[in-house]
Amino acid sequence: MDGRTTRSPDSPATDTPASGSPVSDRSASETPASDRPAPDSPAAVRARERRSRRYRRDLRWSPYLFIAPFFLFFAAFGLFPLLYTGWAALHRVELTAPTDMEWAGLRNFTRLLGDDFFWNALGNTFVIGVLSTVPQLLMALGLAHLLNYRLRGSMFFRVAVLTPYATSVAAATLVFVLLFGRDYGLVNWLLSTVGADGVDWENGSWTSKLAVSTIVVWRWTGYNALIYLAAMQAIPHDLYESAALDGASRWQQFRYVTIPSLRPTILFTCVVSTIGATQLFGEPLLFSGSAGASGGADHQYQTLGLYLYEQGWVNLHLGRASAIAWTMFLILLVIAAVNALIARRLRTSQ
Amino acid sequence: MRTTIRGTRRRAVALTAAVALGAALLGGCAEDSDAPGAKGSSGAAAGKTTLTVGVFGVFGYKQAGLYDAYMKLHPDITIKETSIERNENYYPQLLTHLSTGSGLADIQAVEVNNIAEVTATQAGKLVDLSKAPGVRKADFIPWKWAQATNASGKTVGLGTDIGPMAICYRKDLFAKAGLPTDRDAVAKLWAGDWGKYLDVGKRFQDKAPAGTSFVDSASGVYNAVISSSAERYYDREGKLVYKDSPSVRQAWDAAMRAATGRLTARLQQFQKSWDQAYANGRFATVSCPPWMLGYIKEKSGDNGRDKWDVAAAPKPGNWGGSFLAVPEAGRHKSEAAKLAAWLTAPEQQAKLFTKQASFPSARAAYGLPAVSGAKHPYFGDAPIGKIFAAAAEGIPDQVLGPKDLTVNQNITDVGVLQVDQQGKTPEQGWRAAVESIDNALDQ
């Protein structure tokens, strides 16, 4: 198998003046053999040329071969499903007969305009997205700032903030369902100790969104904090020193040195969190326990991901579900474009 | 020249390796489609046939030792079971597997809520079991047999269990509210009429111990009433009629009376809070098929010992039950059909009732002592065999339709729940349910 090691020992040194070096190999083939003193028979020259041709081919194509597995897998599990979903979105197709497709044009998309459940899900996704992303990133920034101080046992704290991220959605959501329970929930028990009435978290429009957001915030804050921390540690120390010399307080240092230096990182976390929020699925699904994908009695916490799932796998309408999936994809493209615009403006303003 | 030869050889080695690798991969995929098939078709002498059984949740065949018993009877057969916990995940996968004809087990379970859809849309992909050796139509309750038989007389599924419903009630709470506690006296309170059941609820609620409710949920009431009606969401011609169906209206009104009359603990079944309410003894009655007895026992725990009992429901209904189907794409269709017939035969169903409380759909099993003499110690030694057999005989011949589950789920989890838990009016709840159903059924 290993051709290179078997070849090099028996290729005679006299054959080629500097065999093994790719540069000389290439130059040898590019300059006509007649220009150079010909030490060998024509057959040896031909063999050499053939070898160098192979070598060049190897040099040229091997890198593609090395990255090919990713692209093959991406094509099979990323690109093909994406395109096929787009194709299915243009058809009326049911899970009971997935091969039996009936052309529907853009109807699956246009019907979304008048679909109250879709707009409700879009609104819920947006509200839960804001309720979870904003506090999550602010808290992560604060946490990272604290972790950046010289702390006793800093490693412990850094690992500790990451543990929620390592917890499975199912386990975390199950615990939060118990915490936010109406009759025996811990949150309501705490409220009752200060004399407040219990809240029916799952059934309220805002309370349910808040509860779902809490799960997201709990899971992702530590992850973002570590990303911020890494970026903070890359900020040159002399920036802080000169700021301190100019008489800047700790807060001013944070505000005028740390935050501007973190700008690209903050933008990155914003993009990732927004994508995560748009695709939010596991938390709201499991928050309703075994009650399916309706997202509450009034669909009060049904996100786009959940609505897609309900149409595809509960109601068995694959065409409609595909159209929702593609709409989500387009929404993400718009968000990405807006992010790119903001990023460019930030860069020019700097 | 030497280089050329070496080069060719190297290429040949690489090519061989690639081919070998590819073949190994293909072989890995194809392995289970070739080898056992060849063995199976050449008969027992060539070796063992492996039959796979795909189920959702716990069917109990393994636990009750039925697979072992069958393998002992047929030494050339090995049975393997795969289970997906929830039918919501199991059923879509079954449909995709049926449509591609791959990934199927030799026997696939189908839940009663899906059987009408499977019978209507997948009959061509399933084996007609009415002609399988060992199957006796007369053994089964007629409506159970009919549910898995399509218009042209093809039976695609054999009934496993059914869910005749009774009412499980708390004797201690009934006593505190001044109601009778003896199961016959309790059954007499509401015999024949769900309205009487709610009247008893009113009486209970007037004198109920603090923090307790008559029934767990309004959707539980809805389910119990609709399950005891012959016609539900479809008429006999297969038209969707739920909006004007008198039995839906009756079930809906009963649920609304329970919700607005504050007779419910405002719970949703199979949620964590429902389990907690069992443990804390928060409600006095729940409609219970036999398969729920184990659940009640587990969730109520030691606190509920000797407090629960079982009484006959106002009207007998059916909740749950399954079928076994044999896909045409299977490799051992005849062996699988034999196993399905054996598993659903009266003797095995009776055994499963003893071990798993899955009530037999084979009427012939009701006379067997394992069923007729069955008592449940946790429920005050209630003669559950007799109670549920009587209920089973009274279950109406239900009209099923392909989208029963969708309609039912939206009525209970959207409509009834909005009234029961969110305090909306019955009109708002009904409108929300209809909107949800219209959206869910629109292809």
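Two strands pair if DSSP finds at least two bridges between them. Strands themselves are DSSP runs (E, at least two residues), and helices are runs of H or I with at least four, numbered from the N terminus.

This is a predicted model: local features need pLDDT of at least 70, side-chain atom pairs count only at pLDDT 80 or more, and totals for chains, interfaces and linings use all residues. Residues count from 1 along each chain as its sequence is written, while chains are lettered from A and ligands numbered from 1 in the order in which they are written.

**Stop 1: an open sheet**

Select residues 166-170 of chain B, strand β5. Four bridges pair β5 with β7 (residues 283-288) of chain B in the antiparallel sense. Find B:Ile167; opposite, in β7(B), stands B:Ser287. Now show the whole open sheet: four strands in the order β6-β7-β5-β8 (chain B), with mixed pairing. Its edge strands, β6 (213-215) and β8 (308-312) of chain B, each pair on one side only.

**Stop 2: an enclosed strand**

Go to β4 (residues 158-164) of chain B. Seven of its seven residues are buried, so the strand is largely enclosed by the rest of the structure. Buried means that 20 or more other C-beta atoms, placed from the backbone, lie within 10 Å of a residue's own.

β4(B) has antiparallel bridges to β9 (residues 318-325) of chain B, four of them. B:Gly159 has B:Phe323 as its bridge partner there. Two bridges join β4(B) to β10 (residues 359-360) of chain B, also antiparallel. Look for B:Asp161 opposite B:Pro360.

**Stop 3: two crossing helices**

Select α11 (272-279) and α12 (290-300) of chain B. They pack at about 70°, axes 7 Å apart. α11(B) and α12(B) are therefore roughly perpendicular (65 to 115 degrees). B:Asp275, B:Tyr278 and B:Ala279 meet B:Ile296, B:Lys299 and B:Ser300; contact means C-beta atoms, placed from the backbone, within 7 Å.

**Stop 4: the core**

Finish at B:Tyr222. This residue is among those with the most contacts inside the largest nonpolar core, which has 154 residues. Such a core is a set of buried Ala, Val, Leu, Ile, Met, Phe, Trp, Tyr and Cys residues joined through C-beta atoms within 7 Å. Helix α10 (residues 246-260) of chain B gives the most to this core, eight residues.

Definitions and conventions: Axes fitted to C-alpha atoms, helices over the stretch in contact; angles between N-to-C directions. Parallel < 35°, antiparallel > 145°, perpendicular 65-115°, else oblique. Contact = placed C-beta atoms within 7 Å. Buried ≥ 20, exposed ≤ 12 C-beta atoms within 10 Å, placed from the backbone.
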